[in-house]
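Subject: Structure handover

Hello,

Please find the structure below. My notes come after it.

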Amino acid sequence: MSGEEFVPLSLTPLLIGVFAAIACALPGNFLVLRKQALIGDAISHVVLPGIVVAFLLTGAISTWPMMLGAAGAAVVAVILIEAIRRLGQIEPGAAMGVVFTTMFAAGVLLLEQTDTSTVHLDVEHALYGNLESLIWLDATGWSSVLDIEALVGLPPELPRIALTLVGVILFTWLFWRPLKISTFDEGFARTIGIRTGVLGMALVITAAIAAVAAFDAVGSIIVIAMFICPPAAARMMTNRLETQIAWSVVFAIISAVSGYVLAGYGPLWLGGADAVSAAGMIATMSGLILALAALFGPCRVRVGVQNSA
Amino acid sequence: MLELAAVQGVSIEDQSVAGSPLAIRGLTVSYGQKPAVFSVDMTVQPGAMTAIIGPNGAGKSTLLKAALGIVSPLSGQVTVFGKPLGEQRARIAYVPQRASVDWDFPTRVIDVVLMGLSRQLGLLGRVRARHKAGAMDCLHRVGMRDFADRQIGQLSGGQQQRVFLARALAQDADLYLLDEPFAGVDAATEKAIIAVLKSLRESGKTVVVVHHDLATVTDYFDHVFLINTRKVAEGPVAEAFTAETLQSAYGGRLATAQIDQISRALG
């Protein structure tokens, strides 16, 4: 494929897919180790009431209020989950289940009560996103990457997810040591002065921001898959957290690129006519990578379980 | 000293607070309806080895966790070397119960020991050769030097406990608090741990251990603190570790506990 074709049609969706995958996979590593991986699922559901409330308040479908509404709902959900988990002393999965089903249901009711004829919130969009449609029509080839005029025409999702990714990377880098220590041994972490409650909250809020930014561009399927599959697969490749993070990023990139390419061309290679959903294929690829890691990964055997005494 | 005590609201007469590595006053902790620890006073003696003993569910671990700020008490105050806990974190090392963490965590033995240096390293400080050498030295003291590069899940229970102790040694503290370090470990590990703790005492450090094995109390410790939600007794082993205090701490459970312990002590 020539640059004239690739840059306007495929470069931006590919980059958005890759950035979204990495932004979710990075915090996903800690969430999986803390047995909070379901938080991605929770966040992508609670986004609905947030979007509806944002619409009710502004009366218009515009990106920023909806993003803010979604992020606000995610933060509320995260606080509720933590509160229920700590006050009720139940496992995090149960607390998440209670919160996200209730908030999602409230979102559905709220949506019903509003004038739905003017609201266009369809389920398909929420699930698959619109990755393929995030094209860059102002681009004419590779030279456009340096052309300010053409860059103005970039789909707004790209700078948004890129900025989110930078934020996620900064958070992970800056709080690497406390994150690692408190994930492994929360009690010890507190005795050395790490504020584990605040840090845990910051982690899920970071994940929530990544989820909302990714959700906007690529739909909830990728969000849920990227929080879990690359980190879980990476865990089976190594016994060191540093290496695990690197593997999870590699797996996220492979899933995004191979998923996007296969969705666009796979059906044609197989003699079919239409392309399939890129988001669906990216999520499928991440699941496939997880399956391969589970079958062949060098560290898939959990030695710790055998040491009961 | 007097001024300091006054600032913290501790009564000026109570000079033992200022001189104690760990002084607890009126501590009450509750998980739900029933208090786990009720109105407990404790004054740890400097340079001594103190055992916290009591029946299961008596609040031993909770007392330790509240003293460290891991759980928040309903009331009470904790003073570490005469100052509030928050100012003295660098002088405290803590060994949690081994079962409280997931040993499947992707990290190596040496990395766990290096966690003990994290206050020193700060947020972004690099681990340098001298830090590594220090951590290796701590591993050597617990007989685990050869295991530095192992994944922690590959260790036996006793080895895991020694790694936790090595991490506490790396903290280079003045007060060591250990929660059930002898639970489920092999005899060699128990010997290694007690040797390290005694060497800490020799160098003037204070050691407090939540302990469950009544048979070894007189061998290992100078002081005991008996608890059953409330404080039962506190003092030198010869005074506070008696049939009466045990009876009042363990109640009806003592009979079985004692038979068990004595038969074990006789081998």
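This is a predicted model: local features need pLDDT of at least 70, side-chain atom pairs count only at pLDDT 80 or more; totals for chains, interfaces and linings use all residues.

Residues are numbered from 1 along each chain as its sequence is written, and chains are lettered from A and ligands numbered from 1 in the order in which they are written.

Chain B has 12 helices and 10 strands; these are DSSP runs, numbered from the N terminus, with helices being H or I of at least four residues and strands E of at least two. Of its 267 residues, 44% are buried, that is, with 20 or more other C-beta atoms, placed from the backbone, within 10 Å of their own. Among contacts in chain B (C-beta atoms, placed from the backbone, within 7 Å) with a separation of 6 or more, 68% link residues 24 or more positions apart.

Four strands of chain B form an open antiparallel sheet in the order 2-1-4-5, where pairing takes at least two DSSP bridges. Strand 5 is joined to strand 4 (residues 75–80) by two bridges, and in strand 5 Lys83(B) stands opposite Val80(B).

The contact between the chains involves 23 residues of chain A and 26 of chain B. On the chain B side, strand 6 (92–95) and helix 5 (118–121) each supply at least two residues.

Regards

Conventions: Two residues are in contact if their C-beta atoms, placed from the backbone, lie within 7 Å. A residue is buried if 20 or more other C-beta atoms lie within 10 Å of its own, exposed if 12 or fewer, and partly exposed in between; C-beta atoms are placed from the backbone.
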